[in-house]
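Hi,

Here is the model I promised to pass on. Have a look at it first, and my notes follow below.

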Amino acid sequence: MTEDLSDESVLLSLQELIEDLGSTETYMPHSGDEAYALVETLLTRGGRPPARPGDGGQWAPAARRLLAHLSADDDTAPRMRAILADPPTSDRLGAEIAATDLVVLAAIVTWLQTKIDVKVKHKDGGWEFDFQLTKKPVPVSVLRRLAGTVSRVLGGPTDPDD
């Protein structure tokens with residue numbers, strides 16, 4: 001279903017999901033650097049090396065992998081099905097498409113918040129992140145599973161157990 005979409009429709013679909021789910025979430029990064037710092041922290045705590053698609057169109061495949069994952073995930077699949085039933089186009093929305101990397105990172109952060117609570121502290125020009133499950137620390141096994149998904153989406157290395 002998602003393979004027939006243009007890159008533009010993939011990004012707009014992710015943006016629409018971010019808008020729908022993001023309005024109910026408690027945290028949204030203020031910049032791409034902050035979003036990537038959160039993703040990098042999750043990957044590290046989940047036992048994965050940092051993964052960041054390079055320039056030259058490498059974010060478009062990550063956007064497609066993320067859209068496919070969101071379409072299959074229990075927490076986001078119903079909303080993604082509704083969005084993809086009539087995929088957005090820029091002429092229909094009349095909106096600009098944000099930079100691909102920012103859309104992918106924001107969609108990952110939005111999706112993560114359907115699974116865990118993300119708390120951030122701004123400290124010394126950087127960020128400290130805390131991941132919680134309903135006021136409890138997230139078990140390493142959950143962080144590993146989430147980090148594995150994020151790593152695959154970003155095109156990073158995969159474990160044979162994934």
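R79 sits in helix 4 (helices are DSSP runs of H or I with at least four residues, strands are E runs of at least two, and both are numbered from the N terminus). With a relative accessibility of 29%, R79 is classed as partly exposed; the cut-offs are under 20% for buried, over 50% for exposed and in between for partly exposed, using a 1.4 Å probe and protein chains only. Setting aside neighbours within four places in sequence, R79 contacts E16, L17 and D20, where a contact means heavy atoms within 4.5 Å. Along the chain R79 and L17 are 62 residues apart, yet their C-alpha atoms are separated by 7.3 Å. The side chains of R79 and E16 make a polar contact of 3.3 Å (a pair of N or O atoms within 3.5 Å; within protein, one must be able to donate a hydrogen and the other to accept it, and residues adjacent in sequence count only if both atoms are side-chain atoms).

Before you go further: this is a predicted model, so local features need pLDDT of at least 70 and side-chain atom pairs pLDDT 80 or more, while totals for chains, interfaces and linings use all residues. Numbering starts from 1 along each chain as its sequence is written, and side-chain values use heavy atoms, with hydrogens and water left out.

Overall, the chain has seven helices and three strands, in the order α-α-α-α-α-α-β-β-β-α from the N terminus. Of its 162 residues, 43% are buried.

Now the inside. Not counting residues up to four places away in sequence, I108 touches V39, L66, V150, V153 and L154.

As for the sheet, the three strands form an open one in the order 1-2-3, with antiparallel pairing (two strands pair if DSSP finds at least two bridges between them). Strand 1 (117-123) and strand 3 (136-137) are at the edges with a single partner strand each, so one side of each has no neighbour in the sheet. Strands 1 and 2 are joined by seven bridges, and V118 has F131 in strand 2 as its bridge partner.

Cheers
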